[in-house]
Amino acid sequence: MVCFRLSLAPGSGLVLLCLVLGAVSSYALELTLMNSEKATCLYAKWQMNFTIGYETTSNKYKIVTISGLGNATYNGSTCGDDQTGPKIEVQFGSGFSWTVNFTKEVSTYSVENISFSYDTHDNTTFPDAKEKDVFTVYDPVALRIPLDDIFRCNAVLTLQGDKVVQNYWDVHVQAYVQNGTVSTKEFLCDKDKTSTTVAPIVPTSLPSPTTTPTPKEKPETGSYSVNNTNGTCLLATMGLQLNITHDKVTSVININPNTTDFTGSCHSQTALLRLNSSNIKYLDFVFAVKNENRFYLKEVNVSMRLDNGSVFSTANNNLSYWDAPLGSSYMCNKEQTVSVSGAFQINTFDLRVQPFSVIEGKYSTAQDCSADDDNFLVPIAVGAALAGVLILVLLAYFIGLKRHHTGYEQF
């Protein structure tokens with residue numbers, strides 16, 4: 001007997017209403033399996049998303065993020081028997097499936113492996129995929145947990161592959177529930193052991209329609225990089241300050257690079273830098289090549305938990321920032337603002353990025369943002385000079401005209 005329910009993240013509203021309206025893109029999956037005696041034998045609750053890269057028919061490389069799992073089913077999930085271990089199987093979207101297998105030893109159980117399959121015949125998600133097929137990525141995990149404990153990991157766990165990046169967070173799982181009762185004794189992942197829990201800020205009075213955030217000091221500059229089989233393929237150095245407006249309350253958050261993890265991927269036409277921390281599920285910077293000779297920041301995606309416990313998410317895949325020639329880096333030491341949406345802006349400080357053509361792990365010659373200012377000033381200076389010349393010509397004309405008129409009067 002299998003019992004399951006799909007519940008939204010805390011504070012997201014009613015389940016049925018949100019499923020009908022499609023208003024929420026981040027779901028908590030929850031599964032309870034029962035044995036023949038109707039006793040709970042497996043319990044799991046978690047959130048996940050997937051970033052998939054694929055080659056298009058025009059030989060470009062695209063990246064898509066799969067996060068809406070509202071139509072998930074759990075066909076094939078089982079508590080196992082004497083021959084096979086427990087298994088969770090999830091199906092969602094058009095041709096997506098996800099499986100995790102568990103094994104048991106004397107006093108422990110293990111998350112043995114995870115597999116994820118996707119079908120590029122799905123023209124909604126992969127409309128221009130060059131290769132139409134079913135692809136499966138397989139990741140051994142071998143995470144060992146005491147038999148009587150429930151595994152918990154609120155931080156983001158990432159499985160990094162060549163074409164697929166998997167992210168998991170708010171994970172609670174006990175594959176071998178003892179005596180039908182889910183354990184209250186938690187076995188924490190390493191990230192949860194080292195992370196510091198921040199108490200929510202509870203306002204003592206109703207907020208005004210829009211509150212003004214307290215100005216924050218300049219954020220600390222962090223250094224980030226992405227590696228592939230050929231070595232370092234992306235470099236980024238920057239201080240990041242997030243400006244978020246949510247429920248008419250504006251927050252300013254400085255990213256601390258010392259407590260921020262980073263992953264990513266590099267391809268011929270696109271590159272991804274993903275940051276995450278205890279409260280940031282993901283902050284993605286997606287770069288792209290244009291006109292075969294320049295790169296720019298094309299897309300930013302973010303999902304994070306705010307101090308009041310609510311989840312803030314937004315995305316924009318039509319940006320145009322940090323433009324520079326391929327083979328160079330982009331640099332801007334002054335403060336810049338990347339406007340992702342009306343509710344989300346990123347202030348950058350001491351910025352330098354190179355998402356393509358990194359040689360020996362070092363930055364190439366930089367194009368400075370001051371050059372943009374110079375390019376803006378040149379037409380102004382030329383216009384001012386032309387205006388000055390025009391004024392001088394007019395003055396000379398009027399002076400000459402006046403002298404000529406005076407000569408006629410004397411005659």
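**Entry 1: a tyrosine pair**

I began at Tyr176, which is buried, with a relative accessible area of 13%. For my own reference, buried means under 20% relative accessible area, exposed over 50%, and partly exposed in between, with a 1.4 Å probe and protein chains only. I am working with a predicted model, where local features need pLDDT of at least 70, side-chain atom pairs count only at pLDDT 80 or more, and totals for chains, interfaces and linings use all residues. Residues are numbered from 1 along each chain as its sequence is written, and side-chain values use heavy atoms, with hydrogens and water left out.

Next I searched the whole structure for aromatic pairs and found 18. The rings of Tyr109 and Tyr176 have centres 5.8 Å apart and planes at 55 degrees, so I noted this pair as tilted. The rule I used: rings of Phe, Tyr and Trp (its six-membered ring) pair if their centres lie within 6.5 Å, and planes under 30 degrees apart count as stacked, over 60 as edge-to-face and the rest as tilted. Tyr109 lies in strand S7 (residues 108–119) and Tyr176 in the loop between strand S11 (164–174) and strand S12 (186–188), so the pair ties together parts 67 residues apart in sequence. Helices (H or I, at least four residues) and strands (E, at least two) are DSSP runs, numbered from the N terminus. Tyr109 is buried too, with a relative accessible area of 0%.

Then I looked for charges over rings, meaning NZ of Lys or CZ of Arg within 6 Å of the ring centre and within 35 degrees of the ring normal. The charged end of Lys193 sits over the ring of Phe187, 5.4 Å from its centre. Lys290 does likewise with Tyr296, at 5.3 Å from the ring centre.

**Entry 2: the sheet**

I traced an open, antiparallel sheet of four strands in the order S5-S6-S7-S8. Strands count as paired if DSSP finds at least two bridges between them. Strand S5 (87–92) and strand S8 (134–146) are at the edges with a single partner strand each, so one side of each has no neighbour in the sheet. Six bridges join S5 to strand S6 (residues 96–104), and Glu89 stands opposite Thr99 in S6.

**Entry 3: disulfides**

How many disulfides does a search of the whole structure find? I got four, taking a disulfide as a pair of cysteine sulfur atoms within 2.5 Å. Counting bonded cysteines along the chain, I read the pattern as 1-2, 3-4, 5-6, 7-8.

Cys41 and Cys79 form one of them, with their sulfur atoms 1.6 Å apart. Cys41 lies in strand S3 (residues 40–55) and Cys79 in the loop between strand S4 (61–66) and S5, so this link ties together parts 38 residues apart in sequence. Cys41 is buried, at 11% relative accessible area.

Cys153 is joined to Cys189, S to S 2.1 Å, and 70 degrees about the S-S bond makes this link right-handed. Cys153 is buried at 0%, and Cys189 is buried at 6%.

I finished with Cys332 and Cys369, whose sulfur atoms are 2.0 Å apart. The torsion about their S-S bond is about 70 degrees, so I put this disulfide down as right-handed. Cys332 is buried at 0%, and Cys369 is buried at 4%.
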